[in-house]
Amino acid sequence: MAARSRWKLLQSMILSSSNTQHNHNTTNIIQSPSDNSDINILSQISKRKHQGFNLFSRQKREEEWFIYDLYDHVTLNVRIKIPRAIDLKTTFASEYSGFLNTGNICIWPAEEVLGYYCMKNENLFRNKNVCELGGGMCALAGLIVAAKCHPQSITLTDGNPDCDLFLDVDMRSMQMLWNKDTVYDTKYDIVICADCTFDKETHPHLLHVIRSILKKPPLNDKSDKSMFILCAPHRGDSLRAFITLLESINEFHVELLVKYDDKIWQLHEQSLKEEQEYYDRDTHYPLIVCASWN
Ligand SMILES: C[S@@+](CC[C@H](N)C(=O)[O-])C[C@H]1O[C@@H](n2cnc3c(N)ncnc32)[C@H](O)[C@@H]1O
């Protein structure tokens, strides 16, 4: 099923379910990585039974707040606001219904993988100005970059102005809607993004943003590489379509990394074996795409 129609179906099921469930005082209708209740609406449609690779251990501190262990005694307080039926009802009814709300459902597995990948490639970020696009509910990967990778600056963005990341983050965060008719002035050395390519209609807009904000290195210094790093599962032919678009403009050197980390690859193979019923490589194994200016 095409991503957009699957999302529409999910949306209508959530709305009708929220009516029923609300009458029975049941609030949590969505399964998220931090909420293991077995609610099957989302999993039926989006295969959310796979909970990601759990690359960071996480403890609930208090309502909506979680402590992520980022290894080496570094921890991160993250607010994960699990949507309740009533919230979803208002959210889906809002003018931002549709794809913009996918970021307020949960932290998608690619976001956690992106954070882990960044942490493991910390040298790419040291003293760099970094921007995360489409960070969703808390821009976890951007927070991990801030906590572990010594960037010069980090800017967390999403197109949805109702994103919770704007409420809680004690660092630069802003609404950034991808639109090919908008002029974007600020430049960044590294731009990161997770699970944002599943809607092919947004691809030209996303590409425009990347071309606008990714700093071009000075002509005489090719060593100072700026880079766009995307982490996303195939999701049908959507990732391939985005890569083709990136390559088609002949401005970027594009690399697709499939086996980019031993631990993640091992967990992927384990999930293929042990979660056969619901682990789907196409939906759940995020790949890394790196693009730098030619
Ligand atoms: C599947 S979510 C991924 C969120 C987060 N990166 C994660 O993986 O958990 C896609 C994100 O892209 C954002 N998005 C979709 N279309 C957008 C647009 N045109 N401009 C800006 N953000 C957009 C949504 O608001 C949403 O947060």
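Two strands are taken to pair if DSSP finds at least two bridges between them. Strands (E, at least two residues) and helices (H or I, at least four) are DSSP runs, numbered from the N terminus. The structure is a predicted model, in which local features need pLDDT of at least 70 and side-chain atom pairs count only at pLDDT 80 or more, while totals for chains, interfaces and linings use all residues. Residue numbers start from 1 along each chain as its sequence is written.

**Figure 1. Strand β10 between β8 and β9.** Strand β8 (residues 227–232) pairs with strand β10 (residues 287–293) in the antiparallel sense, over five bridges. In this pair, Ala232 stands opposite Leu287 of β10. Strand β9 (residues 252–257) also runs antiparallel to β10, and six bridges join the two. Here Val254 faces Ala291 of β10.

**Figure 2. The open sheet of seven strands.** The strand order is β6-β5-β4-β7-β8-β10-β9, and the pairing is mixed. β6 (173–175) and β9 stand at the edges with a single partner strand each, so one side of each has no neighbour in the sheet. Neighbouring strands are turned against each other by 20° on average, direction ignored; the axes are lines fitted to C-alpha atoms, for helices over the stretch in contact, and angles run from 0 to 180 degrees between N-to-C directions. Strands β4 (residues 129–133) and β5 (residues 153–158) pair in the parallel sense over four bridges. Asn129 stands opposite Ser153 in β5.

**Figure 3. The open sheet of three strands.** The order is β1-β2-β3, with antiparallel pairing. Strands β1 (58–62) and β3 (75–79) are the edge strands, each pairing on one side only. The twist from one strand to the next averages 30°. Five bridges connect β2 (residues 65–69) and β3 in the antiparallel sense, and the bridge partner of Ile67 in β3 is Asn77.

**Figure 4. The largest nonpolar core.** A nonpolar core is a set of buried Ala, Val, Leu, Ile, Met, Phe, Trp, Tyr and Cys residues joined through C-beta atoms within 7 Å. A residue is buried if 20 or more other C-beta atoms lie within 10 Å of its own, exposed if 12 or fewer, and partly exposed in between, with C-beta atoms placed from the backbone. The largest core has 65 residues, and Cys118 and Val191 have the most contacts inside it. Helix α4 (residues 109–120) gives the largest share of this core, seven residues. Two residues are in contact if their C-beta atoms, placed from the backbone, lie within 7 Å. Leaving aside neighbours within four places in sequence, Cys118 is in contact with Phe125, Ala141, Ile144, Val145, Cys149 and Ile192.

**Figure 5. Surroundings of the ligand.** The ligand is surrounded by 21 residues, the closest being Gly103, Glu111, Gly134, Gly136 and Gly159; a residue is near a molecule or strand if its C-beta atom, placed from the backbone, lies within 6 Å of it. The shell has nine nonpolar, nine polar and three charged residues. Ala, Val, Leu, Ile, Met, Phe, Trp, Tyr, Cys and Pro count as nonpolar, Asp, Glu, Lys and Arg as charged, and the others, Gly among them, as polar.

Figure 6. Most residues other than glycine have a negative phi. His150 has a positive phi, near 50°, and lies in the loop between α5 (140–148) and β5. His150 is partly exposed, with 13 other C-beta atoms within 10 Å. Phi of Arg235 is also positive, near 40°. Arg235 lies in the loop between β8 and α8 (238–248) and counts as buried, with 20 C-beta neighbours inside 10 Å.
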